[in-house]
Amino acid sequence: MIGVLVSGEGSNLQALLDAGLPVVAVASNKAGVRGLDRAAASGVATAVFSRDAYEDRDTRDLAMAEWLEGLGVELVVCAGYMQLLRQSFLDRFPGRVVNVHPAPLPDFPGAHSLEDLLEAGAQETAATVHYVDEGVDTGAVIATERVPVLPGDTVETLRVRVHEAEHRLLPRVVGDLCAL
Ligand code: GRF
């Protein structure tokens, strides 16, 4: 069973739900985000674990891990989750935490990867699913789908096409991981 972590829009969460994958829990560090509404609309349990509500990040991440485990989550998918996970969280789900990223890794990590990629004059980006470790997008890559940069592309136009690729790639990879 799958737990998904979101911080915002949740379109990748929606792709997982639409694919009929067994998502049983959706957690966010931020209240009121669209991803939580999408989960609730599908009848999936939701919870908010904001950093401010806990003494420190370890305590927050541990509470989140316990909530997910309590719902039977075996695979955690970060889908637009904008916080690093502590090792204490990762230890609860060894080799079972993945993330979706809009650019090739390790070349273009971080929250501004598409800006960096266009700035560098790259010819293509790639929807990328990778394992999560304590670093910023540093875990081993599992699968990618290439997305060419077109003449006149801006971060916004490129982001739309990468999202389309993510919505194809992520459910396929997560489905494969569930079948293991
Ligand atoms: C995606 O582009 C993903 O690669 C990045 O954050 C974005 C989340 O989009 N990590 P959404 O919330 O799934 O719509």
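Colleague: Let me start with P171: is this residue buried or exposed?

Modeller: Buried means a relative accessible area under 20%, exposed means over 50%, and partly exposed is in between, with a 1.4 Å probe and protein chains only. P171 has a relative accessibility of 12%, so P171 counts as buried. Before we go on, please keep in mind that this is a predicted model, in which local features need pLDDT of at least 70 and side-chain atom pairs count only at pLDDT 80 or more, while totals for chains, interfaces and linings use all residues. Residues are numbered from 1 along each chain as its sequence is written, and side-chain values use heavy atoms, with hydrogens and water left out.

Colleague: Thanks! In which helix is P171 found?

Modeller: Helices (H or I, at least four residues) and strands (E, at least two) are DSSP runs, numbered from the N terminus. P171 is found in helix α6. Now look across the fold: P171 and L21 are 150 residues apart in sequence, but their C-alpha atoms are 7.6 Å apart in space.

Colleague: Let's turn to the ligand. Which residues surround the ligand?

Modeller: A residue is near a molecule if one of its heavy atoms lies within 4 Å of it. Around the ligand you will find E9, G10, S11, N12, G80, V100, H101, P102, H163 and E166.

Colleague: How many residues of this shell are nonpolar, polar and charged?

Modeller: Here Ala, Val, Leu, Ile, Met, Phe, Trp, Tyr, Cys and Pro count as nonpolar, Asp, Glu, Lys and Arg as charged, and the others, Gly among them, as polar. The shell divides into two nonpolar, six polar and two charged residues. At least two shell residues come from each of α1 (11-18), β5 and α6 (155-179).

Colleague: What lies 2.5 Å from an oxygen atom of the ligand?

Modeller: That is a polar side-chain atom of S11. Distances like this one are read with polar contacts in mind: a polar contact is a pair of N or O atoms within 3.5 Å; within protein, one must be able to donate a hydrogen and the other to accept it, and residues adjacent in sequence count only if both atoms are side-chain atoms. The backbone can take part too: a backbone N or O atom of G10 is 2.8 Å from a ligand oxygen, and one of V100 is 2.9 Å from a ligand nitrogen. The protein covers 86% of the 370 Å² of accessible area that the ligand has on its own; such areas come from the Shrake-Rupley method with a 1.4 Å probe.

Colleague: Where do G10 and N12, two of the shell residues, lie?

Modeller: G10 is in the loop between β1 (2-6) and α1, and is buried at 7% relative accessibility. N12 lies in helix α1 and is buried as well, with a relative accessible area of 6%. The N12 side chain makes a polar contact of 3.0 Å with the side chain of E166.

Colleague: What does the side chain of R60 contact?

Modeller: R60 is in helix α3 (residues 57-70), and is buried, with a relative accessible area of 0%. One polar atom of its side chain lies 3.0 Å from the backbone oxygen of F49. The side chains of R60 and Q83 are joined by a polar contact of 2.7 Å.
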